[in-house]
Amino acid sequence: MPIPVRLRVNNTPREHTIEPRVLLVHYLRDHCNLTGTHVGCETGICGACTVLVDGKAVKSCTVFAVQADGSDVTTIEGLATNGHLHPVQQGFWDRHGLQCGYCTPGMIMASVHLLATGAAGSREAIAEGLRGNLCRCTGYSHIIDAVQNAQQAANAEVARA
Amino acid sequence: MPDQTPYIGRAMKRVEDPRLIKGIGTYVDDLRLPGLLHACILRSPYAHARIQRIDTTAAKAIPGVVGVFTGPEVNDSCGLVPCAAAIPDLKAPKHTVLASDRVYFVGHAVAVAVASDPYIARDAIDAIDVDYDPLPVVVNPEEAVKEGTPLTHPDLGTNVAFTHSVAGGSNIDDAFKRADRVIKHRLYHQRLTPMPIEPRGAVASYHAGEGTLTLWSSTQIPHLLRTLLPGMIGVAENKLRIVAPEVGGGFGAKLNVYAEEALVSHLAMRLNAPVKWIESRRENAASTIHGRDQIGEYEIAVKNDGTILGIKSRTIADLGAYNQLLTPMVPTLTGLVLTGCYRIPAVKIDIVGVYTNKMSTDAYRGAGRPEATYLIERLMDVIAREMGVDRLELRLKHFPAPTEFPFATSCGLTYDSGNYQGALTKAKQLAGWDQLLKERAAARAAGRLFGVGVSTYVEICAMGPSAAMPAGGWEWGCVRMEISGKVTVITGVSPHGQGQETSFAQIAADRLGVPIEDVVVLHGDTNVAHYGRDTYGSRGTAVGGTAIVMCIDKIVAKAKALAAHLLETTADHVEFANGTFSSPGVTNREIPWAELAGAAYIAKSLPAGFEPGLEASSFFEPSNFTFPFGTHICAVDVDRDTGHVAIKKYIAVDDCGPQINPLLVEGQVQGGIAHSIGQVLFEQTVYDENGQLLTGEFMDYAMPRASDIPEYVLGHTVTPSPVNPLGVKGVGEAGTIGSTPAIANAVLDALEPLGITHLDLPMTPERVWQAIKTRTAATV
């Protein structure tokens, strides 16, 4: 039986009646029409579907949309503010942190969480922190560069403030 | 005025990226069409079985289900899945889009359900009832060639698909008669799963009024699909539009014509509604092509000083159950480049292609060249050890000199240009080779297992001359100087991560003298890029880029004729530089592109016989392949207690000719090396003795993660190719080709003090630990 789900996605309130079995990733893609969040495996391994739920990185293929009822979800589409790329997005662009781009939204969202939790202090820490996200194109090195760039940009921002 | 610095050679950020990092690119699964239906495929859980009965009644009764179809209901309308490889006397099974009365591998498509919602389509396949009668299974290709063993396809009467023999250079028997030693070695190139992060998918939409069909597919080859699909589904080529939208990685896995592409096309026509099929990861692991899976026995004739006189190889290639597009061709590519960078006077290559009850193998990143390079580079280390010569000296001794290019090999190829010594010397310097050997000595003295490995490679790129390709190796391009002075570049290659929207814009902007922001590169839609041979075999820039250069040359020549008319002079007095036409000494007037293009399209004042417009298209037919090369060096630490291999240092020197965009080259090389780290240390596609796929998920198929990757030290040398005007060679597969043996050699170098001289890939912690344990026990 379809049941109601209410949550905020990228600061927009959303309300739908959906089947309880609908995965959060499919809810975002098919009901909210936010197709930037990708499906790579449906088993929670590849991380292409990573979004932020109440600020935490969550693989959206591992939760039902109804489990996210009442929460605040941020997807890749909600990351840039006022037309300005998030420092992590900018880092990925500047350092060629993507090729085919399919893992990229999840990789970026996981990196945003990593930065927010202060866990991106070194190359090793970034690599460890991104173990939950697979990329088959880049060989990861440029991704780590990208996150380091974003960390430096964030540090500079703090220094300026 | 544009920046005067050439764009070519600059590490520029990609123009593709903004849409991808914002999540607003459009992959196949992102397409939304009115009335879209969703297909889900039921696949065989058995490797070999007779289908006794299929009951779809319950599935059809589910609300929202539009149709459920089995093989006998669709196969006649979908033709046979094509194989383009020209292998003489190939025995081939009929490859229908759904199984008819038997299944031949786990994952073989048995039935398809179509519904208004993907969840309902999945419910429907769960409700299909199939009775299977299991049959004997063929999993071991070496057993499969023996008399009296079960058959993959009983109607073929044999498991042997083909045998292929090539002898090249001088007489092989003489070489072996003159040898001081004959070294024998066996090497297994394990089965691998390409695993692009985006699985395959397709959407078909039929316009009944026009009789036209549009197929969006996550493919590397929209144009080859447009050539081959008409023969399957009966829609003429000129009524068929194929679109490869954003494609989430390929690595050869999407260099194919798949059953599902014909199936969704047929269903869209049959149901008169657009139909989408998106592959799950489990389906991707089971039903998208695998790579490698070749077992080789080698004999090398050597003199006491290490001089190699000849190589004999016998390869058994596991093809799986069916021939996909290039399945039987891939092992023959291994034979083409078996001699690697070396002067080896005589070769004899025998290949046996064998059917087994598994998914097809086909072209996976490198396709044949990684196999050959792994073989020859492992063998060079084996020879060096056996004959007591230095491994670098042995390699140097067999390199052709830079002045000997073009260099004809015993395998029948002519390497275009090369300086193998240069790349090796540079890699040695970057690695601090002598220092690494000192570190190794110190580590060994301390009881640590530290190893240094080297590999040199040459590969075949820029595929290729049409004479050597199954379906034309040329490439098409079109360049239009628009009326506004903006430039539209259309290419027949189909990038899916390589970044040619950027690198081709760099080429066009330089050659036309316009700002790069004024150039747009289009690709991947056969209604826009009318012809093409697509993206594989590291051909994009060398072949496709050259077609663009040819178009630009035509446009500039035409523009000069118009400029001469406008400047009231003759074309030979017109100079073209930085996007401006002038005639110094005749007039001070200068005509920029926008003004010239305006004149060309408004067409009020054209020279006699001048066709309006400024557009040119070209087909480039390469005269030869290109042969990039390089040297990779790797240092590893092996943990005695756990068998874990840690890569401590990785140095790659690659020569792909002049680099259009060094940032993109770096990305290709790093990504390629990661595939090899996976192959050497973790990855293997495993079927059990019943033909059951054990690595059907990311949970079971171990791909490298960020923390498995070392910091790379990358260098390059630049040896232009004479085959194309850009001098470029290609770099998409180099990382994967050069690095597998470098890492494997490093691990075996680390284990040498224990007397371990060989380990099969992948060198997983368990396998390494077992070897260490066995050896340690033996010596206690």
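In what order do the four strands of the open sheet in chain B lie, and what is the pairing? The order is S18-S26-S27-S28 (chain B), and the pairing is mixed; strands here are DSSP runs of E of at least two residues, helices are runs of H or I of at least four, and both are numbered from the N terminus. Two strands count as paired if DSSP finds at least two bridges between them. The model is predicted: local features need pLDDT of at least 70 and side-chain atom pairs count only at pLDDT 80 or more, while totals for chains, interfaces and linings use all residues. Residues are numbered from 1 along each chain as its sequence is written, and chains are lettered from A and ligands numbered from 1 in the order in which they are written.

Strand S18 (449-458) and strand S28 (712-716) of chain B each have a single partner strand and stand at the edges of this sheet, so one side of each is left without a neighbour in it. From one strand to the next, the twist averages 10°; axes are lines fitted to C-alpha atoms, for helices over the stretch in contact, and angles run from 0 to 180 degrees between N-to-C directions. Within the sheet, S26 (residues 629-638) and S27 (residues 645-655) of chain B pair in the antiparallel sense over 10 bridges, with Phe629(B) opposite Asp655(B) in S27(B). Helix H19 (residues 662-681) of chain B packs on the sheet, where it touches S27 and S28 of chain B, and its direction makes about 140° with that of S27(B). Contact requires C-beta atoms, placed from the backbone, to lie within 7 Å.

Chain A has five helices and five strands, which run β-β-α-β-β-β-α-α-α-α from the N terminus on. Its radius of gyration is 16 Å, close to the 15 Å that the globule rule gives for 161 residues, so chain A is as compact as a globular protein of that length. The radius is taken over C-alpha atoms, and the rule is 2.2 Å times the number of residues to the power 0.38. Buried residues (20 or more other C-beta atoms within 10 Å of their own, with C-beta atoms placed from the backbone) make up 55% of chain A.

Strand S2 (residues 12-18) of chain A has zero buried residues among its seven, so it lies largely in the open. Strand S1 (residues 3-9) of chain A pairs with S2(A) in the antiparallel sense over seven bridges, and Val5(A) has His16(A) as its bridge partner in S2(A). The two strands form a hairpin with two residues between them, and Asn10(A) in the turn has a positive phi of about 50°.

Key:
Buried ≥ 20, exposed ≤ 12 C-beta atoms within 10 Å, placed from the backbone. Contact = placed C-beta atoms within 7 Å.
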